[in-house]
Amino acid sequence: MIDIHSVLLVAVVSAVTIAIRFLPFLVFSGRETPAFITYLGKVLPYAVMGMLCVYCLREISFVSAPFGIPELVSVAAVVLLHLWRRNTLISIIGGTVCYMLLVQLVF
Amino acid sequence: MKNDIKKAIRDTIPVLSGYIVLGMGFGILMQTKGYGIWWTLAMSAFVYAGSMQYLAVDLLTGGASLISAAITTLMVNARHLFYGISMVDRYKGTGKKKPYLIFALTDETYSLVCSGNEDKSEEERHRYYFLVSLFDQIYWVCGSVIGALLGQVIPFSTEGIDFALTALFVTVFVEQWKSTKDHLPAIIGVMASVICLVVFGAGDFLIPAMVLITVLLSALKLVRREEKAK
């Protein structure tokens, strides 16, 4: 049996995502892009990526076990791996395996 | 044409590795929550937004309402507004390719098409944008389908595999950090998010964080303009 609610939910997520992606092009097409928008387009990617990192770690609790230790250790592993080898594949797999081992075996 | 394809493949190799791993993580996650390969395929084809697809698994299994699904999508994907804003000029005149280019503008595709190639002719650039966008989505769909197939036979616990997403963002963050001397925007992004997380809590901090980031970056521009004027 097909779960109608799930189908609709996927459709909604898809429609909203598409609408967001098209909106700036609909609003700013045909005229000169304002200088302020161009500036935001340059600096926002750096800030947004920092925000997304924080977003992924939002559920960490520092007042109860395991005090975010698996997350922080694994993030450190990703950073160090990436600085060392600068290979996206190695960094992502290394960090994820590190995290999986920590949450499954240690904590 | 052949050279264009070669260049697009070479440039997308980092995305290939990230998307195969993340896509597989998504497919496995969906499979373990009882959503099989067709669900995975539909999401990767029609939503095509990595972090949102991972979140959608929570929405599906948690029985979220359609309204809250729409609001969550709006919040999580709002950053795509910023990507669009900075691609308005570059995607001008791309004709028939344009709708797909806009649809397929993910974080990673954006990171490849948002700079460079100034020496190329307009036609070559447009073809490059299209190939990069298309290849990236092919990697993503393939990765998630492989994950959906593996999810049924995987012999070990997959608890914690969703950390792949965190790892990807941290990797891109480090990569961006090394690519520029101006670290203030990145620092503002992290600090503003942490402040809003503490003030508003894990469920509601994303929108305030985006507002605060925009305000601080605007202030930064004003301050720097004044410094320059002195």
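**Briefing: chains A and B of a predicted model**

Leaving aside residues up to four places away in sequence, S14(A) touches F46(B) and V47(B). This contact belongs to a predicted model. The residue S14(A) is part of helix α1 of chain A. The points below begin with that residue, then turn to a helix of chain B, to chain B as a whole and to the domains of chain A.

**Residue S14(A)**

- S14(A) counts as buried because its relative accessibility is 10%, and buried means under 20%.
- Its contacts in chain B, again not counting residues up to four places away in sequence, are F46(B) and V47(B).

**Helix α5 of chain B**

- Helix α5 of chain B spans residues 79-87 and is mostly covered, with 8 of its 9 residues buried.
- The buried residues are R79(B), H80(B), F82(B), Y83(B), G84(B), I85(B), S86(B) and M87(B).
- In chain A, these buried residues pack against α1 (4-28) and α2 (35-56).
- Within chain B, the buried residues of α5(B) pack against α3 (50-61), α4 (66-77), α7 (107-113) and α11 (206-229).
- Helix α1 of chain A, one of the packing partners of α5(B), is also the helix in which S14(A) lies.

**Architecture of chain B**

- Chain B contains 11 helices and 0 strands.
- Along the sequence, the pattern of chain B reads α-α-α-α-α-α-α-α-α-α-α.
- A compact globule of 230 residues would have a radius of gyration near 17 Å, and the 19 Å of chain B agrees with this.
- Taken along the principal axes, the box filled by the C-alpha atoms of chain B is roughly 65 × 55 × 30 Å.

**Burial, contacts and surface of chain B**

- Buried residues make up 52% of the 230 residues of chain B.
- Among contacts in chain B with a separation of 6 or more, 75% join residues 24 or more positions apart.
- Chain B carries 21 positive and 19 negative side chains.
- The centres of the positive and negative sets lie 6 Å apart.

**Domains of chain A**

- The domain assignment divides chain A into domain 1 (1-31) and domain 2 (35-106).
- Between the C-alpha centres of domain 1 of chain A and domain 2 of chain A, the distance is 28 Å.

Conventions: Residues numbered from 1 in each chain as written. Chains lettered and ligands numbered in written order. Predicted model: local features only at pLDDT ≥ 70, side-chain atom pairs only at ≥ 80, totals over all residues. Heavy atoms only, no water. Helix = DSSP H or I, 4+ residues; strand = E, 2+ residues; numbered from the N terminus. Rg over C-alpha atoms; globule rule 2.2 N^0.38 Å. Buried < 20%, exposed > 50% of the residue type's maximum accessible area, 1.4 Å probe, protein only. Contact = heavy atoms within 4.5 Å. Lys, Arg positive; Asp, Glu negative; His and termini not counted. Charge placed at Lys NZ, Arg CZ, Asp CG, Glu CD. Domains from an automatic or database assignment.
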